[in-house]
Amino acid sequence: MKTDTSAVNIDRDKGDFHYKVDYGYDAGVGLDERVVKYISDVKHDPDWVREFRLKALQTFESKPLPTHWASKDLEAIDFNKIRYYLAQGQRATRSWEEVPEDVKRTFERLGIPEQERKFLAGVEAQFDSEAVYSNIKKAVGEQGVIFVGSTEGLKEYPEIFRRWFGKVIPTGDNKFSALNSAVFSGGSFIYVPPGVKVKHPLQAYFRINAENFGQFERTLIICDEGSELTYMEGCTAPKFNTATLHSAVVELIALKGAKLQYITVQNWSPNVFNLVTKRGLAHEESEIKWIDCNIGSRLTMKYPGVVLKGRKSRGEVLSIALANNGQHQDTGAKMIHAADETTSNIISKSISIGTGRATYRGLVHVPKHLKNCKNNTECDALLINSTSRTDTYPAISVRGTGNSVQHEASVSQVSAEQIFYMQQRGLSEAQAMSLSVNGFVNDLVRQFPMEYSVELKRLIELEMEGSVG
Amino acid sequence: MQQLEIKNLRVAIGENEIIRDLSLSVGLGEMHAVMGPNGSGKSTLAKVIAGHPDYKVTSGEVLMDGENLFELEPDERARKGLFLAFQYPSEVPGVTIANFLRAAMQSRLPEGEELEATDYYAKLYEKMDLLEIDRSFTSRAVNEGFSGGEKKRCEILQMAMLDPRYAVLDETDSGLDIDALKVVANGVNSLRGPNLGVLLITHYQRLLNYIVPDFVHVMVQGRIVRSGGKELALELEEKGYDLIRDHAEEPVAA
């Protein structure tokens, strides 16, 4: 794939703007049955979805915030002050021409239509609650690949959608998956038919535009037997003084022999609570890989996981988290081995700058009756300042005799001597810092698709420039 | 004015004065050796010239072509043509020598100007050939897992690439066996010329068999106690620092 990488523009300042938009649909402020019913009404939900949402609301209300293990900062979220649904309409257009001007200019400024032309097989663009644009290249569509928003997916393809929806991540998995299940809107529904290898990535772009808003997209991706897909998501929001909530649920299903790669580069503004549940279900000899780059947000809690259900299936999480001043990146990975000869690999790198805090939480589970399972976990933390913080909570439970695990962790610090050395060669302090950080993530970033590795490096440089001097 | 001029320099760490009223000038095109026993303040001198933040300059100044270095950040000094070959170079994990040097050279270009990759690699390979360095060397991370000899060779390669006007080589010979010493010395000699002034800091005379200085200065307890031509190094080798140290407490003859 040869592309002009400068087109993938996701830098912080580029995302920090918002245009005034007239919303035709607004569920108002706060959360109760009335709001959930309003969402069902405007979306013309089938009955099973209405019931699903209302039950989920009860689950959400009955579950406490997980502050017994997670950050108390969660208590700063005022669920009664958030707007749960804002949209201009419910149907995504197939052409940018038809996207209303006030919304289109946002995506143009973010460079999305340009990227689509250059290297993507398809794009979905979500603005607050609903996708405003969703399209795949003709050739990809003709192979039988389905790429639509979740609302359209559940209506047009109920036989596939309903079979897998909520099966990988049940409503009650955690408080925020329950919240998402009650008010979900937008996100992608993708189905790749057996044997179809989608050459270029499909991309979704999630944009929060409104203040005091919660975005709850729901993504469901099914790769049928022997198929291959790379999906990328990007996210931005403007900087507001009030808290914004982003709480997505992403479910991946790789059937026998399928390969599914899910790439996230999120660049949230520092007022966003980013509380996302992501999990994949890997069938026999299939492979699910999460590449997860977390930059920005006030608090991110996200632990992409793979349930290795089929023999010889493989799960992987490669993640980078950058916690700048005042930010907390609480990220990690879960690998649930549930069949023989399954392998999993977790590589996590975190960088803490200023008063930033990076937490790694890992869960690797291999039950006693399984044979020849393997896990490799590496987590490395880099501290930039003496006020920076990192914590690691690995939970590895491996039973049985024929299984192997390997765990390595390291914490390093950019030393004053190293910075002086680099400055003596002519680099400014910020350039020296950013080169050190790039060096730290280098071996991992090399495994990313080129478009994202270049962009990620640039994003790190921008973060470092803003934080030094 | 084409010189690196150290004028009445006094430097302290905390209460402890390490450099005491030191003056020395290195003209463009000249090779000056500063010799002295351990603890004489040689390395402190090198770091202060480069702008290391741990040292406090209590008085005096260092002028590079007339410009006061103490008014510049370490990176500004570097971009204006000052190079320090470190005694103990830092590791930069994950960053290859090629990328590091590229960033260093890029930092010398005006804003908005992009370093031409083909020109850069042509120059890099030319200098590597000159210094007899294997091509695979620059794809290794800077100083990570390097032997003493590799570290020093990496310093000299950087010096060759960055074309400094004035270079301070701090104990470039320390930790080297005789073969590595010869390679490094050849490298320095090949960079000698009318557009480079060098301040060569060393404990041992043996380096000066391979890099022949124009001037030799003996530094004891934070000041220059004797200066002379290259023969002074041989005298020092013969008599040892003790002889000179005996004179150190006496005021330097005017």
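**Entry 1: a strand pair in chain A**

I looked up strands β13 (residues 259–268) and β15 (residues 287–296) of chain A, which pair in the parallel sense over 10 bridges. Strands count as paired if DSSP finds at least two bridges between them. Helices (H or I, at least four residues) and strands (E, at least two) are DSSP runs, numbered from the N terminus. In this pair I found Lys259(A) opposite Glu287(A) of β15(A).

I note that this is a predicted model, in which local features need pLDDT of at least 70 and side-chain atom pairs count only at pLDDT 80 or more, while totals for chains, interfaces and linings use all residues. Residues are numbered from 1 along each chain as its sequence is written, and chains are lettered from A and ligands numbered from 1 in the order in which they are written.

**Entry 2: the sheet**

I then followed the open sheet of chain A, whose 10 strands run in the order β4-β3-β7-β10-β13-β15-β18-β20-β22-β24 with mixed pairing. At its edges I found β4 (130–136) and β24 (404–413) of chain A; each has a single partner strand, so one side of each lacks a neighbour in the sheet.

**Entry 3: helix α2 of chain A**

Which residues of α2 (residues 33–43) of chain A are buried? I listed Val36(A), Ile39(A), Val42(A) and Lys43(A). A residue is buried if 20 or more other C-beta atoms lie within 10 Å of its own, exposed if 12 or fewer, and partly exposed in between, with C-beta atoms placed from the backbone. Down the axis of α2(A) the buried residues fall within an arc of 135°, so they line one face of the helix. The arc is that of the directions from the helix axis to the C-beta atoms. Glu33(A), Arg34(A) and Asp41(A), on the other side of α2(A), are exposed. After α2(A) comes His44(A), with a positive phi near 50°.

**Entry 4: two helices of chain B**

I checked α5(B) against helix α6 (residues 178–191) of chain B: they pack at an angle of about 5°, with axes 10 Å apart. Axes are lines fitted to C-alpha atoms, for helices over the stretch in contact, and angles run from 0 to 180 degrees between N-to-C directions. The two helices are therefore roughly parallel, a term for angles under 35 degrees.

**Entry 5: between the chains**

Technical notes. Angles under 35 degrees count as roughly parallel, over 145 as roughly antiparallel, 65 to 115 as roughly perpendicular and the rest as oblique.
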